[in-house]
Amino acid sequence: MKKQILTTILILVLSLVLINLSHAWPIPDTGQTLCYDNEKEIPCPQPGEPYYGQDGNYLMNEPSYTKLDAQGNALPDDAPEWFMVRDNVTDLIWEVKAAKNGIQDYSNVHDADNQYSWFDSHPNTNGGYAGNDNNGRNTEVYIHTLNAQHYGGFDDWRLPSMNELHSILHAAKYNPSVDTTIFPNTLSAFYWSSVSVTSSTGYAWGVSFNSGYDSTIAKSSSYYVRAVRGGKCRAFDQLIMNNDGTVTDMASGLMWQQDTAPVKSWPNAFSYCEDLTLAGYADWRLPEKKSLQSIVNYARYSPAINSNIFLDTLSAFYWSSTSYTLYTDYAWGVDFLYGNDYNDAKSSSYYVRAVRGGQC
């Protein structure tokens with residue numbers, strides 16, 4: 001009888017796990033397909049060769065988009081005009097900007113040149129400071145306008161989270177760092193997220209689309225914004241300790257090395273991860289930039305991660321496998337002091353945390 005009860009409980013637990021995974025929010029590939037050594041582009045290495053395991057060696061969830069008309073209906077890939085884009089990996093629907101001509105037109109809420117201050121009147125989401133009303137030219141009024149217009153037939157548009165903004169970055173492009181064949185009229189400039197800075201409530205997070213790095217800027221400043229809606233159910237920070245030295249992120253399907261590895265140069269970080277056997281798995285890799293960013297917890301700092309799960313995370317820089325293609329002797333990583341990304345010389349030594357899985 002006891003055995004039957006335990007079996008039933010196990011089946012229920014596994015069912016819940018599968019349900020959660022079926023609603024996971026897969027992380028799209030960075031778009032980086034070329035490979036690099038410490039200085040230049042090289043033919044993508046094979047397993048066992050130096051520099052194997054970098055971003056260009058792995059295609060995780062290939063970017064895929066569908067153009068939508070003004071009513072939210074799907075259009076053919078060669079449609080010359082579209083108003084929204086559905087990301088087929090994440091199911092997020094993005095506003096497409098219009099009229100990029102260097103002239104602001106606030107009568108057109110979709111004008112690419114319009115700038116807004118960051119404003120959120122809700123105390124439970126504004127981090128303790130609402131921001132600047134800016135005579136109505138602010139992000140809250142912008143979102144309210146889209147929803148009042150039922151743009152595309154929807155009234156649930158919102159400012160994107162940092163992970164959502166990261167999802168449309170393209171690591172092989174810059175000025176702007178996005179696929180402009182899908183997201184036309186994107187400026188090489190800063191775009192607001194919905195996330196207030198925990199350590200300084202007068203600031204909010206966003207992404208600079210000139211080369212794709214994170215920034216924090218005063219809420220009183222005026223910058224650009226792109227609205228988003230929908231998406232697969234991605235519960236934030238849905239982390240499970242597996243009691244075997246690994247952590248599973250139920251939101252993305254990624255499994256992480258729980259402990260921090262010693263400092264290593266960028267090429268040595270690959271060999272460490274590729275040679276790692278942990279919890280019975282031997283398919284570990286150095287995380288791509290977007291994967292590494294997915295475990296940042298912007299509600300925390302020093303370190304900016306769930307330190308109840310990742311117990312020994314340092315407030316320091318951790319390598320990603322993604323090269324900085326503007327200067328190929330540099331690679332991207334995340335500084336877990338505040339959670340911002342930047343790039344540094346591949347010859348430098350920094351911390352490592354291996355990852356596995358995550359394919360859609």
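The following dialogue explains how to read several features of this predicted model.

Student: Which residues have the most contacts inside the largest nonpolar core?

Tutor: A nonpolar core is a set of buried Ala, Val, Leu, Ile, Met, Phe, Trp, Tyr and Cys residues joined through side-chain atoms within 4.5 Å. Buried means under 20% relative accessible area, exposed over 50%, and partly exposed in between, with a 1.4 Å probe and protein chains only. Here the largest such core has 42 residues, and Phe183, Phe209, Trp256, Phe310 and Phe336 have the most contacts inside it. Two or more residues of this core come from each of strand S5 (92-95), helix H3 (162-167), strand S7 (190-196), strand S8 (203-208) and strand S14 (254-257). Helices (H or I, at least four residues) and strands (E, at least two) are DSSP runs, numbered from the N terminus. Another core, of 19 residues, lies apart from the largest one and includes Ala261, Ala269, Leu278 and Trp319.

Student: With which residues is Phe310 in contact, leaving aside neighbours within four places in sequence?

Tutor: Contact means heavy atoms within 4.5 Å. By this criterion, Phe310 is in contact with Leu239, Val247, Trp256, Gln257, Gln258, Ile295, Ile305 and Arg353, its neighbours within four places in sequence being left aside.

Student: Where do the buried residues of helix H2 fall, seen down its axis?

Tutor: The arc is that of the directions from the helix axis to the C-beta atoms. In H2, the buried residues are Thr139, Glu140, Tyr142, Ile143, Leu146 and Asn147. They fall within an arc of 160 degrees, so they line one face of the helix. These buried residues of H2 pack against S5, S6 and S7.

Student: Which residues of helix H4 are buried?

Tutor: In helix H4 (residues 266-275), they are Trp266, Pro267, Ala269, Phe270 and Cys273. Their arc around the axis is only 155 degrees, which puts them on the same side of H4. The partners against which they pack are strand S1 (35-36), strand S15 (261-265), strand S16 (317-323), S17 and strand S19 (349-352).

Student: How many salt bridges does a search of the whole structure find?

Tutor: Side chains of opposite charge can pair when their charged atoms come close. A salt bridge is a side-chain nitrogen of Lys or Arg within 4 Å of a carboxyl oxygen of Asp or Glu. The search finds eight salt bridges. One of them joins Arg356 and Asp283, at 2.6 Å from N to O. Arg356 lies in strand S20 (residues 355-357) and Asp283 in the loop between H4 and H5, so this pair ties together parts that are 73 residues apart in sequence. Arg356 is buried at 14% relative accessibility, whereas Asp283 is partly exposed at 39%.

Student: Are Glu288 and Arg285, another such pair, buried or exposed?

Tutor: The closest N and O atoms of Glu288 and Arg285 are 2.7 Å apart. Glu288 is buried, with a relative accessible area of 3%, and Arg285 is buried, with 2%. A further salt bridge, between Glu95 and Lys97, has its closest N and O atoms 3.2 Å apart; both Glu95 and Lys97 are buried.

Student: Which value of phi does Asn175 have, and what is the peptide bond from Asn175 to Pro176?

Tutor: Most residues other than glycine have a negative phi, and most peptide bonds are trans. The phi of Asn175 is near 50 degrees, a positive value, and the bond from Asn175 to Pro176 is cis, with omega near 5 degrees. Asn175 is in the loop between H3 and S7 and is exposed, with a relative accessible area of 52%. A cis peptide bond also joins Ser302 and Pro303, with omega about 5 degrees. Pro303 is in the loop between helix H5 (289-293) and S16. Asn135 has a positive phi, near 55 degrees; this residue is exposed, with a relative accessible area of 77%.

Notes. Residues are numbered from 1 along each chain as its sequence is written. This is a predicted model: local features need pLDDT of at least 70, side-chain atom pairs count only at pLDDT 80 or more; totals for chains, interfaces and linings use all residues. Side-chain values use heavy atoms; hydrogens and water are left out.
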